[in-house]
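Subject: Structure handover and findings

Hello,

Here is the structure you will be working with. My notes on it follow below.

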Amino acid sequence: MAGKNYYDILGINKSGTDKEIKQAYRRLARKYHPDVNPGDKSAEAKFKEVNAAFEVLSDKEKRRKYDKYGDKWQYADQLDEAARQQAQYRQYTTGDGTSFHFGGDIGGMDSLFDELFGGSRSRGFSRRSQPRRGQDLETNVEVTLEEAFSGSSRMINLQGEKPCPTCHGTGQIQNLACSTCRGAGMIADIKRLEVKIPAGVNTGSRVRISGKGQPGYGNGPSGDFYLNVTVAPHPVFKRQGDDLTTDISVPLTVAALGGEVQVPTLKGGKLALKIPPETQNGRILRLGGQGMPHLSKSTRGDLKARVNIVLPTNLTEKEKELFRQLGQLRPA
Ligand SMILES: [Zn+2]
């Protein structure tokens with residue numbers, strides 16, 4: 001409501017001190033108090049105005065916002081954020097030519113004001129503003145490599161808004177700002193949503209939940225909600241794209257003569273791996289199709305086993321004798 005200026009209501013000027021504000025409030029509150037003016041509707045309205053003005057101007061932070069944004073002071077944080085995003089958007093689009101998309105289209109401050117305050121949403125669905133898509137929202141999630149392997153899910157809080165039930169979205173009750181929504185017409189609305197994170201995600205993957213961003217303006221479609229995925233490092237497996245790498249211990253005799261070892265998998269099981277004769281330390285053996293799933297295909301990457309040859313320790317006399325004989329056959 002483009003109501004009266006709070007400073008005018010209290011009869012002080014913009015540079016008025018806290019003390020002046022308090023004095024003016026006390027004087028006017030006494031003057032218009034309903035007990036002093038029984039049954040006087042206009043005094044009652046004045047009394048409410050004075051209280052509303054005092055609530056804002058007596059609070060340092062609220063007053064700062066009011067001085068900056070006037071009637072729209074309750075949206076100061078959103079407006080500051082929008083201005084910041086816009087500045088950033090401009091910076092990105094004019095910098096090195098790379099265009100960053102901030103979701104929705106970011107119009108000028110004028111159209112933002114229009115959306116927030118003049119358009120169909122806060123004032124009785126008048127359809128004055130052009131239909132526009134709502135802003136996209138995003139949040140960050142971290143998953144384990146096991147979760148990235150098998151797929152998982154997360155509960156997400158979606159913060160939206162809905163028409164105020166007290167004033168039915170008009171922001172006013174009998175020409176005064178609605179106290180439930182403070183005149184905004186909309187109140188916060190938090191929904192819990194379970195989001196599936198598909199198998200195969202990697203750090204940098206974005207999971208899109210269509211239509212769960214901010215509601216559109218003037219019958220425009222809602223934005224989308226994005227999860228920005230980070231996959232936590234794993235102590236045993238290293239990931240390169242869709243391939244996994246792990247170190248396997250191979251006894252010296254198996255490396256020399258060939259044999260079989262067990263390779264751990266992300267699912268917790270083990271796979272048998274053939275070691276060819278004369279396998280060198282550091283050699284990589286592939287287990288085809290045992291790596292990470294691809295996000296969009298049904299195939300999987302490979303599991304790469306890096307051979308780590310283990311020399312025997314605590315040699316017996318007989319073993320030492322055999323190594324001596326080997327040494328004589330193959331002098332350094
Ligand atoms: Zn309301």
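Which residue in β13 stands opposite Thr246? It is Ala305. The rest of the notes build out from there.

First, the ground rules. This is a predicted model, in which local features need pLDDT of at least 70, side-chain atom pairs count only at pLDDT 80 or more, and totals for chains, interfaces and linings use all residues. Residues are numbered from 1 along each chain as its sequence is written.

Confidence

pLDDT is the predictor's confidence in each residue, from 0 to 100. The chain has a mean pLDDT of 82, and 85% of its residues reach 70 or more. Confidence is highest in β13, at 97, and lowest in helix α6 (residues 109-118), at a mean of 44. Over residues 89-128 the pLDDT is below 50. Beyond near neighbours in sequence, that stretch still has 50 contacts in the model. Two residues are in contact if their C-beta atoms, placed from the backbone, lie within 7 Å. Where pLDDT is low, the predicted coordinates should not be read in detail.

Overall make-up

The chain has 9 helices and 13 strands. These are DSSP runs, numbered from the N terminus: helices are H or I with at least four residues, strands are E with at least two. Of the 332 residues, 20% count as buried. Buried means 20 or more other C-beta atoms within 10 Å of the residue's own; exposed means 12 or fewer; partly exposed is in between, with C-beta atoms placed from the backbone. Among contacts between residues at least 6 apart in sequence, 56% join residues at least 24 apart.

The four-stranded sheet

This open sheet has 4 strands in the order β8-β9-β13-β12, with mixed pairing. Two strands pair if DSSP finds at least two bridges between them. β8 (238-240) and β12 (284-287) stand at the edges with a single partner strand each, so one side of each has no neighbour in the sheet. The twist averages 35 degrees from one strand to the next. For that angle, axes are lines fitted to C-alpha atoms (for helices, over the stretch in contact), and angles run from 0 to 180 degrees between N-to-C directions.

β8 and β9 (residues 243-251) run antiparallel, joined by 3 bridges. Lys238 has Thr245 of β9 as its bridge partner. Gln240 stands opposite Asp243 in β9. The hairpin of these two strands has 2 residues between them, and Gly241 there takes a positive phi near 60 degrees. β9 and β13 (residues 303-310) run parallel, joined by 8 bridges.

The other pairings

A second open sheet to look at has 3 strands in the order β1-β7-β6, also with mixed pairing. Its edges are β1 (137-143) and β6 (206-209), each with a single partner strand, so one side of each is left without a neighbour in the sheet. Here the twist averages 25 degrees from one strand to the next. β1 and β7 pair in the parallel sense over 7 bridges. Asn140 has Asn228 of β7 as its bridge partner.

β2 (residues 152-163) and β5 pair in the antiparallel sense over 12 bridges. In β5, Val195 is the bridge partner of Arg154. β5 (residues 186-197) is hardly covered: of its 12 residues, the count buried is 0.

Cores

A nonpolar core is a set of buried Ala, Val, Leu, Ile, Met, Phe, Trp, Tyr and Cys residues joined through C-beta atoms within 7 Å. The largest has 18 residues, and Leu145, Ala148 and Val231 have the most contacts inside it. α7 (145-150), β7 (225-231), β9 and β13 each supply at least two of its residues. A second, separate core of 14 residues includes Ile9, Ala24, Tyr25 and Phe54. Not counting residues up to four places away in sequence, Leu145 touches Val231, Ala232, His234, Phe237, Arg239 and Leu266.

Helix α9 (residues 317-329) has 13 residues. The number buried is 0, so α9 lies largely in the open.

Leu79 is in helix α5 (residues 76-94). Leu79 is partly exposed, with 19 other C-beta atoms within 10 Å. Leaving aside neighbours within four places in sequence, Leu79 is in contact with Tyr69 and Lys72. The C-alpha atoms of Leu79 and Tyr69 are separated by 8.8 Å.

Best wishes

Terms used:
Expected span 1.5 Å × (residues − 1).
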